[in-house]
Amino acid sequence: MNFLPTEEQRLAVEGFNRFLETKLRPIVQRYQPDKLIEKERMLEIFQLMLPYGMGGNGIIAEKHGGMGMPWLTYALMYEQLARVSGDVAISLLIQQLGAYSLEVCSNDAMRDKYLPRMLRAEIIACSGISEPGVGSNVAEVTCRAKQDGDHYVVTGEKTWISNGHYSDFCMVVVRTSDDGAKGLSMILVDRAEHGYESRNIDKLGLNSTSTAQLFFDGVRVPAGNMLIAPGAGLKSTLVLFEKARPMVGLTSVGIAQAALDKAVAYAKERRQHGKPIGAHQLIQGMLAEAAIELDAAKLLVYRAFNLIDHGVRCEVESAMAKCYATEIAVDVASKAVQIHGGNGITKDFGVELLFRNARMMTIPDGTTEIQKLIIGRALTGLNAFS
Ligand SMILES: Cc1cc2nc3c(=O)[nH]c(=O)nc-3n(C[C@H](O)[C@H](O)[C@H](O)COP(=O)(O)OP(=O)(O)OC[C@H]3O[C@@H](n4cnc5c(N)ncnc54)[C@H](O)[C@@H]3O)c2cc1C
């Protein structure tokens, strides 16, 4: 085990941080606390980040036009992005994993049609799994894809879709037969070519990025857009969850780091009882607890990406990273609000926004409870899902 970043990783993070502080922070501050960044602006931001491998191109293989970065290097940079803007980070997370899905789970025709434009940050992807009646149990998906000659007709509604309102295409989990989880498949639906509607959702936090409902009303999609053969089920996409979950955890790590940075700065500056509040033992205790939680979360996330880089399956380690990092981020951000006293609950100091953003992340990509069931299943050999 090596706890030191390589020289390459250190330089990559340093260079990206300079960009984040000088270029990205001024842009995103214009949209805070709760204004949606327009699609064109989000694409411009991705384009600005492309040279760093952070515009959706980072972990895509060089032979497919990407930078072929190791996941851990990408993750260390992504953590910094999440520290500066959780909203842009979430949008990029979906975009990057969308590109990666096209690379590893798609057919050549779909990959060649969509991936190059994604790698130039010209179009935005989203992933449609959840429905109004279907959340934690994906096997219950109802959105239908019914074969009609050389087309599928897609009918149904998806909800909570990150990047949904921005999206040029959606990789939609659909039901092709009534055969439970085996009857699920994934089809690429193009907004311009096939047509679907979206409605943006107003949320607790992360309102500068889009989360949307998507409506598929008998949309005719060529059979060639089916990314996974009907009957194959979604097993091949499980490797995506292993990568998505620590990445969601890392989003929380970035948000929590921003909250802790603000708390430390405020504790050194604000004076009560004749000295900076940071000189009071109970405030130091809160800061120390937050720092320990944050470091432990980082180590869990880095371990998951280290295993991924070594090609080792890590469903449990990914679940642990996602579960712990998203939960402690809520605690760290809450402590930051407490340390700010009355100022903490105003819009002027930024910690209330970080608290709201942190609170969102225990839900997507498998709630905390679902991650615990995955870990519990591995520990006991007993499946609490069924
Ligand atoms: C910020 C954000 C972004 C998202 N982005 C996307 C996206 O891009 N694409 C997409 O498809 N979806 C997305 N989602 C949806 C997300 O994946 C679902 O919200 C999540 O899977 C939970 O589903 P649900 O909301 O229907 O809750 P439910 O499944 O209804 O769960 C409600 C509660 O019951 C608990 N619960 C459920 N089953 C069990 C069980 N067996 N044992 C114990 N407790 C249980 C849950 O933990 C939760 O506390 C996003 C959600 C959020 C908040």
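How far apart should the ends of helix 5 be, given its 12 residues at 1.5 Å a residue? I began there, keeping in mind that this is a predicted model.

**Entry: helix 5**

I found helix 5 at residues 108–119.

Next I looked up burial. Met110, Arg111, Tyr114, Leu115, Met118 and Leu119 are buried in helix 5. They sit on the same side of the helix, because their arc around the axis is only 130°. I noted the general rule: an α-helix has 3.6 residues a turn, so residues three or four places apart point the same way.

What do these buried residues pack against? I listed helix 4 (86–105), strand 1 (125–128), strand 4 (169–175) and strand 5 (184–190).

I also checked what follows the helix.

**Entry: the ligand**

I then turned to the ligand. There are 16 residues around it, and Ser130, Ser136, Trp160, Thr367 and Glu369 come nearest.

I looked up some polar pairs. Serine 127 uses a backbone N or O atom, 2.9 Å from a nitrogen atom of the ligand. Serine 136 places a polar side-chain atom 2.6 Å from a ligand oxygen atom. In threonine 367, a side-chain N or O atom is 2.6 Å from an oxygen atom of the ligand.

How much of the ligand does the protein bury? Alone, the ligand exposes 970 Å², and the protein buries 65% of that.

Last, I sorted the shell by element. Strand 1, strand 3 (151–162) and helix 10 (368–380) each give two or more residues. Strand 3 gives the largest share, 3 residues.

Key: Residues are numbered from 1 along each chain as its sequence is written. This is a predicted model: local features need pLDDT of at least 70, side-chain atom pairs count only at pLDDT 80 or more; totals for chains, interfaces and linings use all residues. Side-chain values use heavy atoms; hydrogens and water are left out. Helices (H or I, at least four residues) and strands (E, at least two) are DSSP runs, numbered from the N terminus. The expected span of a helix is 1.5 Å times one less than its number of residues. Buried means under 20% relative accessible area, exposed over 50%, partly exposed in between (1.4 Å probe, protein chains only). The arc is that of the directions from the helix axis to the C-beta atoms. Contact means heavy atoms within 4.5 Å. A residue is near a molecule or strand if one of its heavy atoms lies within 4 Å of it. A polar contact is a pair of N or O atoms within 3.5 Å; within protein, one must be able to donate a hydrogen and the other to accept it, and residues adjacent in sequence count only if both atoms are side-chain atoms. Accessible areas come from the Shrake-Rupley method with a 1.4 Å probe; for residues, only the protein chains shown count as cover.
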